Amino acid sequence: MAAHLKKRVYEEFTKVVQQQHEDLSAKKLRLTKPSKSAALHVDLCKATSPADALQYLLQFARKPVEVESVEGVVRILLEHYYKENDASVRLKIASLLGLLSKTAGFSPDCIMDDAINTLQNEKSHQVLAQLLDTLLVIGTKLPENPSVRMRLVEVACKHLTDSSHGVRNKCLQLIGCLGPVEKGVAKEAESQAAKDVQKIIGDHFNDQDPRVRTAAIKAMLQLHERGLKLQQAIYNQACKLLADDYEQVRSAAVQLIWVLSQLYPESIVPIPSSNEEIRLVDDAFGKICHMVSDGSWVVRVQAAKLLGSMQQVSSHFLEQTLDKKLMSDLRRKRTAHERAKELYSSGEFSSGRKWGDDAPKEEIDTGAVNLIESGACGAFVHGLEDEMYEVRIAAVEALCMLAQSSPSFAEKCLDFLVDMFNDEIEEVRLQSIHTMRKISNNITLREDQLDTVLAVLEDSSRDIREALHELLCCTNVSTKEGIHLALVELLKNLTKYPTDRESIWKCLKFLGSRHPTLVLPLVPELLSTHPFFDTPEPDMDDPAYIAVLVLIFNAAKSCPTMPALFSDHTFRHYAYLRDSLSHLVPPLRLPGRKLVSSTVSPSITPHEDPSQQFLHQSLERVYNFQHLDPQGIQELLEFTIRDLQRLGELQSELAGMADFTATYLQCQLLLIKALQEKLWNVAAPLYLKQNALASAAAKQILEETYKMEFMYSGVESRQVVIIHHMRLQAKALQLIVTARTTRGVEPLFGMCEKFLQEVDSFQRCFISELPHMQGSFVDKLLDLMPRLVTSKPSEVVKILQTTLRQSTFLHLPLPEQLHRATANIIEPTGESDNPLRFTSGLVVALDVDATLEHVQDPQGTVKVQVLYPDGQAQLIHPKPADFRNPGPGRHRLITQVYLSHTAWTEPCQIEVRLLLAYNSNRSKASTRSPKSTWSESLEGLPPSENGIEGTIPFSKPVKVYIMPKPARR
Amino acid sequence: MPEIKVTPLGAGQDVGRSCILVSIAGKNVMLDCGMHMGYNDDRRFPDFSYITQNGRLTDFLDCVIISHFHLDHCGALPYFSEMVGYDGPIYMTHPTKAICPILLEDYRKITVDKKGETNFFTSQMIKDCMKKVVAVHLHQTVQVDEELEIKAYYAGHVLGAAMFQIKVGCESVVYTGDYNMTPDRHLGAAWIDKCRPDLLISESTYATTIRDSKRCRERDFLKKVHETVERGGKVLIPVFALGRAQELCILLETFWERMNLKAPIYFSTGLTEKANHYYKLFITWTNQKIRKTFVQRNMFEFKHIKAFDRAFADNPGPMV
């Protein structure tokens with residue numbers, strides 16, 4: 001990595017300098033070049049002591065060398081190398097050689113022979129190692145030359161017997177990176193060589209130096225990565241290395257064993273102490289499991305992680321990993337898990353646990369206990385009880401991956417995962433909840449497990465609670481008591497943390513729709529209906545009551561007998577909730593309630609094709625309007641826009657697409673309207689009003705184009721061109737309008753120039769797309785460009801005006817997927833009549849909770865705006881940590897906004913809304929530049945020099961009632 | 001053939017009075033110097049006459065090593081050094097050195113002031129004894145003399161507990177003291193190099209027991225406490241060992257924090273309070289979680305837990 005980085009830096013550095021040279025005249029360049037290597041030569045000759053020479057070399061290394069002169073410099077360096085007696089100087093030269101051969105465009109094969117020659121006479125180990133490193137660089141630069149590689153490998157093999165670990169290290173690294181892997185035509189010779197390479201590396205598994213051992217294993221892994229099939233024979237060697245004294249060796253060995261187990265999962269290996277034989281993958285699994293109780297936590301983490309990816313292992317071994325037997329004074333004891341399970345299966349639900357039911361039962365014969373139980377036994381038990389939370393997280397992850405592929409294992413590991421919900425570190429708890437969610441389709445929770453799971457609902461961390469709600473959304477509960485328990489706990493949660501409302505309702509929605517038959521017997525109790533007496537009508541605004549109803553209605557959807565149990569007011573409440581919380585309450589077929597039932601469901605059954613077709617047809621129609629009269633065009637556009645907007649409302653999956661096109665057509669309509677204005681024919685000063693209309697249109701088009709570019713995810717470069725083109729037209733319009741209304745030419749000059757610059761940059765950015773834009777505004781404009789550059793502003797305006805009129809309307813090709821960024825502020829609700837009181841001059845924190853959809857990079861773009869009644873606007877940049885990412889394309893913003901103001905006489909409303917910030921420089925087609933920092937409070941759009949930064953409001957404003965009181969003296 | 005001779009002066013087949021004499025390549029080392037809880041006569045201390053019959057303790061022993069501050073490992077120390085007479089070095093870790101005198105003083109108070117015994121060591125003796133102590137760091141190799149070197153490793157169990165490797169020439173012994181392989185709420189697990197000793201002396205109190213996972217046990221415990229508090233009841237938890245009290249405090253504190261509970265928690269003043277002070281200081285000896293949280297706050301500065309006063313006992317409402 002470091003080497004790579006160095007290379008990068010070096011390359012960039014060279015580039016910069018080359019540009020500098022461009023600035024100089026060509027003559028100068030020629031003068032400087034030879035002098036560089038010559039200067040070095042002179043310097044080195046002058047150097048009297050090794051220290052001096054080293055200084056010169058260091059200085060030289062700071063300056064980059066151009067490609068053409070590399071070879072000359074290398075020659076000089078080599079010359080000095082042979083003469084030099086001091087090892088440190090030779091070392092520096094060797095490293096410089098390596099650095100130089102990395103120069104892009106330089107082919108280092110010419111210096112290879114020299115480098116190899118120098119190797120032979122070198123005595124210093126450090127210099128040797130450095131030279132080998134240089135050879136490695138040379139070798140990697142010449143990937144298509146097998147003979148060179150073979151030669152280098154041979155050289156490396158020769159030096160493997162060196163007494164210094166550094167040299168051996170480098171040799172192994174070189175062999176690993178350059179050793180032959182491909183099985184070419186000359187099969188026998190090649191495979192012979194390949195075998196040799198593996199054998200050579202394998203021999204060094206027993207090197208006396210741990211660093212060399214590590215390097216040997218790494219070289220082997222490197223060979224594997226390059227596609228060489230490792231031999232099974234090294235498996236045994238690798239197994240021995242697992243017991244190495246050094247952590248790096250063990251860590252590398254674990255990796256090697258894992259690789260081998262993936263290569264030869266089915267081959268059979270004997271178990272040493274007995275006659276039995278097992279599959280290699282099982283054996284390897286056992287060995288890696290053993291490493292979960294290694295002394296070093298780095299190895300433990302690695303072992304635990306690798307376990308997760310060993311999916312071919314047989315279930316017998318897999319289940320051993322969860323094995324744990326309790327003992328007390330050599331007598332077997334049952335674990336709490338077993339006890340809980342038994343209690344459950346025996347059908348006893350009485351909670352009074354008998355005294356001493358965990359008393360030890362059976363006696364264990366001391367002789368029968370095999371203390372050194374090797375292999376898989378209890379690996380996860382160890383991993384999950386590990387001291388370091390990194391290991392625990394890795395173990396949970398591995399459990400997750402294994403459980404996803406094996407349902408029976410999922411069932412078994414459930415107890416342990418549930419156990420992890422009580423871990424002391426929050427990350428671990430969160431991770432285990434997520435894991436559980438991922439495997440939830442394989443499992444059904446027992447009641448006692450559910451109990452533990454639900455206990456976590458009282459956790460004070462919001463992330464944990466929400467993750468748990470998500471988990472409950474997709475778990476299977478086995479009994480009606482379980483459902484009841486879950487509901488009770490969720491309601492408890494609701495009273496303790498009222499902010500969880502939305503999440504809990506959603507959770508109950510899924511809980512209801514998954515378990516209709518379990519909810520059915522609970523309905524009378526939940527609604528507290530009585531067969532004879534009328535019970536009081538519950539409060540409709542009570543979140544807890546709504547929660548219960550959400551559960552019941554969702555269950556009722558697939559349980560037609562349930563509505564019979566409802567009382568009158570339940571039906572009324574249904575109607576209310578169906579309207580107010582339509583995303584939570586499904587349409588129900590209710591008897592005798594024509595009004596309510598199925599108003600929505602059958603009439604527009606979502607059907608993909610017709611609506612998509614409709615979209616395309618309407619667009620076709622619009623694009624063919626060229627031959628219509630202006631009036632007709634306008635009408636057609638208006639109708640189509642209306643249709644599209646309606647379509648977007650009805651069909652949520654097409655909403656992005658429909659809105660996007662509608663916006664585009666809207667722009668076009670505005671443009672046409674503006675050009676239709678009569679003001680173009682009459683002298684300017686008379687038509688100030690119309691003029692305002694046209695310039696407003698231009699401004700609106702600009703805004704809409706920014707929206708189109710930045711608010712939708714999935715916009716491709718083809719769309720971006722069209723959008724930019726539209727923007728260019730709007731700018732042209734603006735220019736024309738200004739030209740007609742302003743007197744004097746001075747300001748116009750600047751504007752014209754700026755516009756032409758923009759046209760130019762448009763051409764540069766989208767040169768590849770230009771052929772698609774036949775007959776468009778820009779196409780024509782570019783044809784006229786030479787004329788435009790030389791003509792006066794007034795002429796430019798005239799030309800623009802005509803081209804604008806003549807240009808055709810560009811088709812907007814639709815991308816595959818298009819989503820509009822939306823935001824919904826959940827908190828504050830804006831319903832409260834109680835003003836938020838605080839002392840003026842001090843700050844008050846307002847909790848803001850919002851969901852964002854289809855926002856790319858929300859950390860950089862989403863802002864909160866607060867508008868005070870006096871017109872003062874504040875822009876708040878939420879912390880990156882305030883954004884959570886619950887699912888793809890979805891984000892959640894939970895933040896606090898600090899408000900402050902001077903004293904008011906009475907409470908008043910402020911508006912809170914979310915904004916999407918954009919920077920026109922950072923268009924989607926180009927690469928993203930690092931974001932500039934935003935000023936805390938900015939009013940309006942500050943136009944910067946090279947790009948316009950602006951904001952688009954993309955959520956409905958929410959009103960908050962506040963009251964800053966005057967401070968008491 | 002070199003010889004390592006081990007003589008247990010206490011603790012063989014018994015809990016308490018840990019005291020083991022190891023002779024390794026001509027060097028004599030005493031490991032721990034504890035008292036026995038069960039006796040009030042001479043049997044409460046190890047039988048030092050085994051050594052003194054041949055001469056003075058100081059001449060015989062090269063050093064004394066104390067693994068941790070529990071009284072069954074250090075209780076006889078003042079008796080041994082001051083009353084029997086030993087002037088050589090005593091090695092223990094920094095936290096042990098800090099907390100040990102508190103416990104010894106407490107022990108003295110109970111035996112002398114409450115039971116009215118005479119012929120027992122005095123406060124001054126404890127102080128004098130502590131002056132002979134050399135504190136060591138973890139993984140610090142201490143050269144006791146030219147040949148004998150000792151090295152301490154982390155052992156879990158209680159704050160400052162350590163395992164010791166004793167090395168003379170090419171022979172070595174590892175003495176574990178009390179140690180803990182599963183981490184608890186405030187301490188980590190024991191850890192040692194691959195040091196290949198010739199002899200390993202290990203405690204084995206729970207060797208034949210495999211316990212349920214820590215989380216299961218904690219959950220059961222917390223559930224019961226929580227239920228009682230929710231019902232408005234009062235919970236009394238008797239804790240007998242220093243260290244356990246701290247673990248419980250941490251456990252309850254984090255649980256209270258997690259569940260946002262408000263009921264007050266008290267601990268009886270005295271020992272725990274004094275020791276808590278040192279727990280706050282030796283954060284590096286605790287486990288990963290506490291060390292990580294320390295960046296924000298010290299976990300031993302409890303928010304919900306206060307020192308107990310007799311007047312609180314009759315307060316209405318739930319408490320622990």
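## Close-up views of a predicted model

**Strands β7(B) and β8(B) are joined by 3 bridges.** The two strands of chain B run antiparallel. Strand β8 covers residues 148-154. One bridge pairs Q143(B) with E149(B), which belongs to β8(B). The model shown here, as in every view below, is predicted.

**An open sheet in chain B has 5 strands.** Their order is β7-β8-β9-β10-β11, and the pairing is mixed. Which strands stand at the edges? They are β7 (141-143) and β11 (199-201) of chain B. Each has a single partner strand, so one side of each has no neighbour in the sheet. Direction ignored, neighbouring strands of this sheet are turned by 20° against each other on average.

**Helix α9 of chain B has four named buried residues: T272(B), A275(B), N276(B) and Y279(B).** The helix spans residues 271-281.

**F45(B) and Y79(B) form a stacked aromatic pair.** The whole structure holds 6 aromatic pairs over all chains. In the pair of F45(B) and Y79(B), the distance is 4.5 Å centre to centre, and the angle between the planes is 20°. That angle is under 30 degrees, so the pair counts as stacked. Which parts does the pair tie together? F45(B) lies in the loop between β3 (27-31) and α1 (49-52) of chain B. Y79(B) lies in helix α4 (residues 77-85) of chain B. The pair therefore ties together parts that are 34 residues apart in sequence.

**F45(B) is buried, whereas Y79(B) is partly exposed.** The relative accessible area of F45(B) is 7%. For Y79(B), relative accessibility is 25%.

**In chain A, R465(A) lies over the face of Y497(A).** How far is R465(A) from the ring centre? The distance is 3.6 Å. In another charge-over-ring arrangement, the charged end of K509(A) sits over the ring of F510(A). Here the distance from the ring centre is 5.4 Å.

**Chain A holds 38 helices and 18 strands.** Of its 969 residues, 49% are buried. Take the contacts in chain A between residues at least 6 apart in sequence: 74% of them join residues at least 24 apart.

Conventions: Residues are numbered from 1 along each chain as its sequence is written. Chains are lettered from A and ligands numbered from 1 in the order in which they are written. This is a predicted model: local features need pLDDT of at least 70, side-chain atom pairs count only at pLDDT 80 or more; totals for chains, interfaces and linings use all residues. Side-chain values use heavy atoms; hydrogens and water are left out. Two strands pair if DSSP finds at least two bridges between them. Axes are lines fitted to C-alpha atoms, for helices over the stretch in contact, and angles run from 0 to 180 degrees between N-to-C directions. Buried means under 20% relative accessible area, exposed over 50%, partly exposed in between (1.4 Å probe, protein chains only). Rings of Phe, Tyr and Trp (its six-membered ring) pair if their centres lie within 6.5 Å; planes under 30 degrees apart count as stacked, over 60 as edge-to-face and the rest as tilted. A charge sits over a ring if NZ of Lys or CZ of Arg is within 6 Å of the ring centre and within 35 degrees of the ring normal. Contact means heavy atoms within 4.5 Å.
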